[in-house]
Amino acid sequence: MAPTTNTLDRTNYLNATKGFMSWFWTIDHKRLGLMYLWSVIACFIMGGFFAMKIRLNLMPGAVDFATQTAEQMNAYNNAFTVHGAVMVFLVIIPSIPAALGNFVLPLMLGAKDVAFPRLNRFSYHLWIIGALLFVATLLIGNLDTGWTFYPPYSTGHTDPSVITAVLGAFILGFSSIFTGLNFIVTIHKMRPPQMTWFKMPLFLWAIYATAVIQVLATPVIGISLLLILVEKTMQIGIFTPELGGDPVFFQHLFWFYSHPAVYIMVLPGMGIMSELFATFSRKPIFGYKSIAMSSIAIAIFSFIVWGHHMFISGQSDLMSVIFSALTFSVAVPSAIKVFNWISTMYKGSISFSVPMLYGMSIIWLFGIGGLTGLFLATLGTDVVFHDTYFVVAHFHYVMVGSALFGFIGGIYYWWPKMYGKVVDGPLAKVGCVLSFLGFNLTFLPQFVGGSKGMPRRYAAYGSEQGFDDWNYWSTMGAMVLLAGLSIALFGLLRSFFVKGALSPANPWGGVTLEWQTPSPPPEHNFEIDPPTVGDPYDMSLVEYRGEVEGFLPVNPREDDPCVAYIAPEEA
Amino acid sequence: MSSHDNHPEGVAHHFETAEQQFDSGKLGIWTFLLTEVLFFSALFVAYTMYRDNYPEVFQFASQYLDTNLGALNTLVLLLSSFTIAWGVRNAMLGETKMLTINLIITLICAAGFMVIKAEEYGHKFHEGTLWGGHEHSIFQLDASKVDPEIAAHSKAWSNPDGEFSAAVKDLDPEFRQKLGIFFGVYFCLTGLHGIHVLIGMILLTWLLIRNLRGEFGPKNFAAVDFIALYWHLVDLIWIFLFPLLYLIS
């Protein structure tokens, strides 16, 4: 049982092979996960740059409403379009499934890799091509259609950069489809024999539900974007009113994907939440089956509510009423999850580690995001709120509040597994708290401004319209949010470049299988097989052991490599 | 590490058994085919919506399509589906030579389909029966834009033999505009299908090369099986396209 080697010096997936090609051409899901992770963070910085550009542009006094020029308006249109498109297609959709999902999913299954490792690599390379096309979009023109690419903005004689952007989104869609397909097959066919569906970690249920949406919805946006390309380059006529086509038809196709896509963004974050709340409350998750089933329910409901984006687009009143009623159904499984997380904390032994702080932030953020969604699902109120900042604030609370905070919480949670080092200091906590406060300061004022009728997508507002205060505080909040996120990223980068506290195999006390292999894991994930599969949330299966400064199974096997971890002072 | 020493031959490192590997591939290809159906779905919805809104336009427009060539292509693809299905059986039984023959026949059918399709397309470009936004389309709202030479040459435009119920130039402008929509849908659907046939030809060629190297047999026929499934779907989509586009009356 005596510790023998430092975890970072032993052969693991990070140092097994070296060189650019050993990463770029790898089929190891862990390396692909890390490459997604850093690529997504790079794109997040790009999208964040445009977010700041938007907020600074809207700072009262920055652009005068009465004397604004066409260039200023075009630049603003470009900023919000690129911000939206980059954040949706390059950041939030791949963030948790492709980055964290790739890294964690096979580990959680006790498997050596995903079912199709080469397809997985292909997905990543497609993603890179898509990202490069977006960079090209920034360089060649002034994309100003909004991230939704509605015709006729995106067709006809508009900016040619639409072509690269739409092609980029189309290719990213296939990257997403192949990732989802890979995960579905992996979960179906590669679970260890003892792991029945209801012994799967809830993160996998969430990833599974997400993958189902990716596979069923993304092809529809794929063909729609392809048709936009054909329409733009050859005037095929299907969406163009001058040629007898129907632009609202595109909106139906677009939202048939893009509403379920909201759940591609949110569900994996919810999956991470379930892991965090159980691990950091030291309690079995409350209502396992209802959380698992609510993920599936959300995936199903997500396909029958898209019309609520089109209440004022000219669909029939009857359709609007039906879509409004159906939309409420999504609130039920969402609320089930939130209540279960809170119940898991109840009388738990809660530790306020960094991942848990992000988890608890999400309860607040998703609570507001979800409940304000009900105002927008209600037909009568949505007619008033449509295209105001109320909508902007609502979807930021859901997409940033749940997806992005879940992503960051997940990074901090699995960081020890990725790099063999723990980041859990006061600085990282300050980063989380500042991000939380900054986020609320940015978007709560937008609810107020929006409810007073402040329209979205305007480059400037006149002072007499009375929105200056809300814009002022929103921009101030964006500064705080920028500071908080920068600190969060700094914490990770410092750990990456500087040798920090080494991590045991199981620093947090999780019971799922990824914690039963050393940190970082060996190339083929597990040195001894098969790992013991038990209840993923039975906290009595692991206990804290001082000699490894982390958790170990209650009765570890003789040959368990996790036992051989060296304590930090001996490193 | 002991498990790697006796790892079964032909099974990738991350699978335990050959059966698990085959089942994963099968589920993967079926899931992929599902995404393919959904990829076509938007165009089928476009077809349904516009046909429901303008049934008389679709009925009229269908006359411009060559039903004989369409039917011939249907037969060609049905034959190719039969040969590839037979090929899967050949691979399972280890009949390498017969598999080669069946793959070649399938490839010839696929190429034949594309030749016939190109013939149809060429005819339409010649006649100007194109989508509304094309500069040589006879369905453009502005008749003066149409190349007079093409107009004089086009049976549809001048309607010399009375085959159609009306010459295009005599049609109501809105009706003509919607005819352009029909051809937009027609070219998108058949074009996307044609791209799938071309991809299928690349995959079939790959199978042929691998088979000539002797890679397929009773223990390794998954690739033939999966690509055959893809090919059946491509065939199936055409089976829907043919009546929907050519046989409207």
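Helices (H or I, at least four residues) and strands (E, at least two) are DSSP runs, numbered from the N terminus. The structure discussed here is a predicted model, in which local features need pLDDT of at least 70 and side-chain atom pairs count only at pLDDT 80 or more, while totals for chains, interfaces and linings use all residues. Residues are numbered from 1 along each chain as its sequence is written, and chains are lettered from A and ligands numbered from 1 in the order in which they are written.

Chain B has nine helices and zero strands, so its elements, read from the N terminus, run α-α-α-α-α-α-α-α-α. Of its 249 residues, 36% are buried; a residue is buried if 20 or more other C-beta atoms lie within 10 Å of its own, exposed if 12 or fewer, and partly exposed in between, with C-beta atoms placed from the backbone. Two residues are in contact if their C-beta atoms, placed from the backbone, lie within 7 Å. Among the contacts in chain B with a separation of 6 or more, 73% are between residues 24 or more positions apart.

One pair of helices in chain B is H8 (residues 173–212) and H9 (residues 222–246), which pack with their axes 10 Å apart and at an angle of about 155 degrees. Axes are lines fitted to C-alpha atoms, for helices over the stretch in contact, and angles run from 0 to 180 degrees between N-to-C directions. Angles under 35 degrees count as roughly parallel, over 145 as roughly antiparallel, 65 to 115 as roughly perpendicular and the rest as oblique. H8(B) and H9(B) are therefore roughly antiparallel. Their crossing is left-handed, meaning that the near helix is turned anticlockwise from the far one by less than a right angle; clockwise would be right-handed. Residues of H8(B) in this contact include B:Tyr186, B:His193 and B:Arg210, and those of H9(B) include B:Trp231 and B:Leu245. By class, the contact has 16 nonpolar, four polar and one charged residues. Here Ala, Val, Leu, Ile, Met, Phe, Trp, Tyr, Cys and Pro count as nonpolar, Asp, Glu, Lys and Arg as charged, and the others, Gly among them, as polar.

Chain B also touches chain A: 29 residues of chain B are in contact with 33 residues of chain A. On the side of chain B, the elements that give two or more residues are helix H2 (18–53) and H8. H2(B) gives the largest share, 16 residues. This side has 13 nonpolar, 14 polar and two charged residues.

In chain A, the axes of helix H3 (residues 70–108) and helix H5 (residues 161–189) come within 11 Å and cross at roughly 20 degrees. That angle makes H3(A) roughly parallel to H5(A), and the crossing is left-handed. Among the residues that meet are A:Phe89 and A:Gly101 in H3(A), and A:Leu172 and A:Phe183 in H5(A). The contact has 13 nonpolar, four polar and no charged residues.

Chain A also holds strands E1 (residues 542–545) and E2 (residues 550–553), which pair in the antiparallel sense over four bridges; two strands pair if DSSP finds at least two bridges between them. A:Glu543 stands opposite A:Leu552 in E2(A). The two strands form a hairpin with four residues between them, and A:Glu549 in the turn has a positive phi of about 50 degrees.

Finally, A:Leu374 is found in helix H10 (residues 354–377) of chain A. A:Leu374 counts as partly exposed because it has 14 C-beta neighbours inside 10 Å. Its C-alpha atom is separated by 7.9 Å from that of A:Ala331, 43 residues apart along the chain.
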